[in-house]
Amino acid sequence: ANTGPNPTEYYSYVPNTGPQQGNVLPLTIHDLMGIPKGTKASSKSSQGVVEYGSGESFAPSDLKAFKTDAGITGTVSTDHIVGPYNANSPGVESSLDIEYLLGVGQGATNWFWTESNWLYDWATSFFNTKEVPYVVSHSYGWAESQQCTSGIGSSCSTLGIDSATYVAR
């Protein structure tokens, strides 16, 4: 009987030290989700991460090191980086998101999107942009009842609405 994956076979990436045994790499996610080894996304598919806050970025050099150590491929071309971006000021969350997007969805076209404000602003921009990724991952979030009190309240006050109305829109 299959008892599931062996956690001692899993590795995670730690900057400047490489893979570390006992945690999670993209291969771990493939194993847990039952994705057959070597599975690639269609080259016609696209995927992206959305980061919130001014200047959320990833460092291309960190992404390159992660790809080498994790044995994955993929790129994010500059024409698929949307919003404020500063490679010299990478964020931990942003770096993690793009690394695992490339690691799990290998073969797809990759996007990195930064929105200075919050969901409503991103959605307005996204649906008014001609070319966008087919799949989008948002990793930041607050409870619906806290949308206007979570640090992005400027959108709510500008629109003159409360959290419930913000979510409904």
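Let's start at Glu115, whose place is in strand 5. Please keep in mind that this is a predicted model.

**Glu115 and its surroundings**
- Is Glu115 buried or exposed? Glu115 has a relative accessible area of 11%, which is under the 20% cut-off, so this residue counts as buried.
- A polar atom of the Glu115 side chain lies 3.1 Å from the backbone nitrogen of Asn117.
- Once its neighbours within four places in sequence are left aside, Glu115 is in contact with Glu51, Tyr52, Gly53, Asp121, Trp122 and Ser125.

**Aromatic pairs**
- A pair of aromatic rings is described by two things, the distance of the centres and the angle of the planes.
- The count for this model comes to 10 aromatic pairs.
- One of them joins Tyr85 and Phe112: the ring centres are 5.9 Å apart and the planes stand at 75°, so the pair is edge-to-face.
- Which parts of the chain does this pair tie together? Tyr85 lies in the loop between strand 4 (81–82) and helix 3 (92–104), while Phe112 belongs to strand 5 (residues 109–115), so the link joins parts that are 27 residues apart in sequence.
- Tyr85 counts as partly exposed at 28% relative accessibility, whereas Phe112 is buried with a relative accessible area of 0%.
- Ring pairs also link Trp111, Trp113, Trp122, Phe126 and Phe127 into a cluster.

**Nonpolar cores**
- The largest nonpolar core has 13 residues, and those touching the most other members are Phe58, Leu63, Val76, Ile98, Leu102 and Phe112.
- Which elements give two or more residues to this core? They are helix 2 (60–70) and helix 3.
- Helix 3 gives the most to this core, with four residues.
- Apart from this core lies another one of 11 residues, including Val50, Trp111, Trp118 and Trp122.
- Leu102, with neighbours within four places in sequence left aside, is in contact with Gln47, Leu63, Lys67, Ile72, Thr73, Gly74, Thr75, Val76 and Asn110.

**A stop at helix 6**
- Ala168 lies in helix 6, which spans residues 163–168.
- Ala168 has a relative accessible area of 69%, over the 50% cut-off, and therefore counts as exposed.
- How far apart are the C-alpha atoms of Ala168 and Glu144? They are separated by 9.6 Å, with the two residues 24 residues apart along the chain.

Key: Residues numbered from 1 in each chain as written. Predicted model: local features only at pLDDT ≥ 70, side-chain atom pairs only at ≥ 80, totals over all residues. Heavy atoms only, no water. Phe/Tyr/Trp six-rings, centres within 6.5 Å; stacked < 30°, edge-to-face > 60°. Buried < 20%, exposed > 50% of the residue type's maximum accessible area, 1.4 Å probe, protein only. Polar contact = N/O pair within 3.5 Å; in protein donor to acceptor, adjacent residues only side chain to side chain. Contact = heavy atoms within 4.5 Å. Core = buried A, V, L, I, M, F, W, Y, C linked by side-chain atoms within 4.5 Å.
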